[in-house]
Amino acid sequence: MLHLYNWNNYISDTTIERFEKQCACRVVQDYYSDNEEMLAKLAAGATGYDLIVPTGNAVEALIRQQALRPLDKRLLPNLKNIDPAYLDTWFDPGNQYSVPYAYTITLIGYNSEKLRGMDLPLDSWAVVFEPRYLEKLKGHVTVLDSQRELLAAALKYLGYSANDDDETHWKQARDLIIRAKPYWAAFNASSYIKELTVGNIWLVHGYSNDIFQADLDAQNAARGFRILASLPKEGAVLALDSMVLHKSGPRPDLAHRFIDFMLDGRNSSELTNLIGSGNPNLAARPFIQPEIAHNTAVFPGRAQQARLEMLRDLDRNRRRVLSRIWTEIKLR
Amino acid sequence: MSERHDKESPSARITRWLVSGPPLLFLLLLVAIPGVIMVFASFRYPGEFGGLAPLVAADPQTLHGLTIETYRFFFGDFIYAEVFIKSFVMALATTLICLVMAYPLALLIARSSKQIRNLMMLLVILPFTSNFLIGIYAWMIILGPQAALNQTINVLLGVFGIAPVQLLFSPVAVMIAMVYVYLPFMVLPLYTNLEKHDPVLLDAAQDLGANAWQRFWRVTFPLSQPGIFAGSALVFIPAIGMFAVPELLGGTGDIMIGNLIKEQFLGTRDWPFGSTLAILLTLAVLLVVWIVARLSARGGRYA
């Protein structure tokens with residue numbers, strides 16, 4: 001029996017069934033909806049998980065806590081399928097502990113019909129931050145209710161790194177956000193998928209998976225518009241989720257088998273076809289539905305790929321400073 | 001009082017303990033002890049991945065021990081006090097609107113015949129049968145820009161040449177939902193109080209020449225003050241800590257102290273500062289309740 005601690009809706013049922021048949025074992029899943037929740041549960045002493053799928057900064061935290069088991073790469077021949085651009089990351093140099101699973105990009109999602117003919121620069125964060133464009137969209141824009149994500153978008157637009165922690169740059173970003181704020185409907189991290197689908201909100205700063213979901217829902221409801229995604233030219237935040245082995249897991253052998261199974265192109269493609277997630281697996285490309293595979297917002301070209309950044313954790317003092325800036329943003 | 005206790009029989013004493021024991025234990029376990037833990041946490045350093053830094057560390061390089069930095073941070077500038085004031089105003093407005101809406105309703109119910117009264121009370125507590133979040137999601141649909149309500153309002157505003165407004169994601173939406181959530185908490189104590197009033201008093205007042213307004217203002221209203229204070233406390237105290245409503249229905253400026261506290265524990269992973277905010281909120285609320293209790297002690301002399 002393999003114990004998998006995974007995000008909600010982050011693997012296709014067919015994939016699980018196929019693995020169960022292949023290994024003659026059972027896969028038991030437990031779910032979380034954010035990294036903090038997962039870390040907190042492990043910190044509180046939860047054990048018995050063979051595999052976890054955390055985002056980069058959480059992988060780093062787990063490595064630093066010495067909670068992970070090093071990988072035995074001889075058991076992972078399919079590792080060669082992974083695009084080298086997603087290997088050897090800052091959070092796990094040399095991939096001693098982690099294997100890329102899927103990624104999300106934080107980008108711009110918009111309603112194809114409502115924005116038609118408005119002549120907006122949809123390939124730039126300017127459309128989210130510049131009042132001269134926002135005027136046309138007043139009350140129909142939401143941005144993520146996340147300190148790090150929104151700050152990162154603003155920093156990127158200003159030409160800084162998403163991980164820039166210079167306080168004067170943060171203050172510039174703050175002023176940019178406060179100037180744009182009157183035109184936004186809300187800070188929203190939960191209901192913007194629905195609002196996009198219904199047509200109340202026309203443009204969002206949101207996660208690629210959510211925008212894909214909103215598009216699917218809009219098509220299923222025959223709304224007569226599409227929800228499209230666009231990757232701003234200034235760059236964006238990439239969240240790479242990786243498979244790691246928890247030390248407390250009783251079956252590292254099965255876990256290795258599962259990782260290698262998931263590195264297979266077809267198995268890996270099924271998740272992307274299900275939720276529109278980014279896929280670091282080159283062998284998966286032929287199996288991905290063409291419309292998703294050709295979406296350059298989720299599968300960007302080399303040049304764009306270089307402008308994507310993963311968020312690193314801030315230390316406690318920085319977190320407190322940012323939180324104060326965030327309070328100011330919310331209050332003004 | 002003490003004399004009576006001395007004469008209390010052993011069985012009465014046991015009964016008293018049996019009755020007051022469970023709630024006392026409950027309060028101790030779930031209020032007093034967590035409260036002490038929070039006070040303690042507010043004087044510590046935040047841990048690197050959330051949680052708290054250790055109290056003692058083998059390696060003196062790592063951050064450990066106690067500090068008053070969170071309090072210094074809070075009182076270091078005005079912004080957090082501003083959030084407090086804002087939440088206070090929101091909670092006060094909720095309380096007043098609830099009071100104005102609940103009073104006539106409670107009076108109507110209290111003066112209805114017995115069968116109708118029970119039915120009406122059932123209707124008042126009906127919202128409790130579903131989780132309030134479901135109600136909030138319903139409000140998101142009702143207040144949405146494509147819903148009839150918002151469109152009708154904008155047509156009417158258009159007639160007078162006023163620019164259209166958006167209800168969802170606005171302070172108005174927050175206010176509506178707060179009143180929706182807390183209205184029953186105002187109706188119930190008011191009704192309980194008003195129902196006990198002796199109608200003979202009103203007859204007597206009428207015989208003495210008081211008109212309807214005077215009968216209300218000089219008899220019913222003073223007698224109902226304990227109900228007003230009880231209802232106001234039941235609305236104000238939870239309302240000031242509300243975070244779900246502003247988060248779901250609020251616009252870009254509708255932050256309350258509850259949101260700030262939640263953010264410290266989840267987004268910022270700064271437990272000590274979150275604890276500090278929670279403790280200061282508790283103290284502020286206690287202060288308000290104390291003031292109200294003083295006022296009600298003075299005002300309640302008719303009851």
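How far apart do the C-alpha centres of domain 1 and domain 2 of chain A lie? The distance between these centres is 27 Å. The model is predicted: local features need pLDDT of at least 70, side-chain atom pairs count only at pLDDT 80 or more, and totals for chains, interfaces and linings use all residues. Residues are numbered from 1 along each chain as its sequence is written, while chains are lettered from A and ligands numbered from 1 in the order in which they are written.

**Stop 1: the domains of chain A**

Select residues 2-103 + 239-309 of chain A for domain 1, and 106-236 + 314-331 for domain 2; such bounds come from an automatic or database domain assignment. Where the domains meet, 13 residues of domain 1 are in contact with 12 residues of domain 2, a contact being two residues whose C-beta atoms, placed from the backbone, lie within 7 Å. The domain 1 side comprises five nonpolar, six polar and two charged residues. In this classification Ala, Val, Leu, Ile, Met, Phe, Trp, Tyr, Cys and Pro are nonpolar, Asp, Glu, Lys and Arg are charged, and the others, Gly among them, are polar.

**Stop 2: strand 5 of chain A**

Next, select residues 98-111 of chain A, which form strand 5. Helices (H or I, at least four residues) and strands (E, at least two) are DSSP runs, numbered from the N terminus. A residue is buried if 20 or more other C-beta atoms lie within 10 Å of its own, exposed if 12 or fewer, and partly exposed in between, with C-beta atoms placed from the backbone.

- Strand 10 (residues 236-246) of chain A pairs antiparallel with strand 5 over eight bridges; A:Val99 stands opposite A:Met243.
- Strand 8 (residues 203-207) of chain A is antiparallel to strand 5 and joined to it by five bridges; here A:Thr106 has A:Tyr207 as its bridge partner.
- Strand 9 (residues 227-230) of chain A pairs antiparallel with strand 5 over four bridges, and A:Ile108 stands opposite A:Ser230.

**Stop 3: the interface of chains A and B**

Show both chains: 24 residues of chain A are in contact with 30 residues of chain B. On the chain A side, helix 2 (35-43), strand 7 (186-187) and helix 14 (316-331) each supply at least two residues. Helix 14 of chain A gives the largest share, nine residues. By class, this side of chain A has 10 nonpolar, six polar and eight charged residues.

**Stop 4: chain B**

Select chain B, which has 14 helices and zero strands. Its radius of gyration, taken over C-alpha atoms, is 25 Å, well over the 19 Å that the globule rule gives for 303 residues, so chain B is more spread out than a compact globule; the rule is 2.2 Å times the number of residues to the power 0.38. The C-alpha trace of chain B spans about 85 × 75 × 35 Å along its principal axes. Of the 303 residues of chain B, 28% count as buried.

**Stop 5: the largest nonpolar core**

Finally, colour the largest nonpolar core, a set of 143 residues. A nonpolar core consists of buried Ala, Val, Leu, Ile, Met, Phe, Trp, Tyr and Cys residues joined through C-beta atoms within 7 Å. Helix 8 (residues 171-195) of chain B contributes its largest share, 13 residues, and at least three residues come from each of domain 1 and domain 2 of chain A. The residues with the most contacts inside this core are A:Val141, A:Ala154 and B:Tyr182. Centre the view on B:Tyr182: not counting residues up to four places away in sequence, B:Tyr182 touches B:Thr94, B:Cys98, B:Val235, B:Pro238 and B:Ala239.

Terms used:
Pairing = 2+ DSSP bridges.
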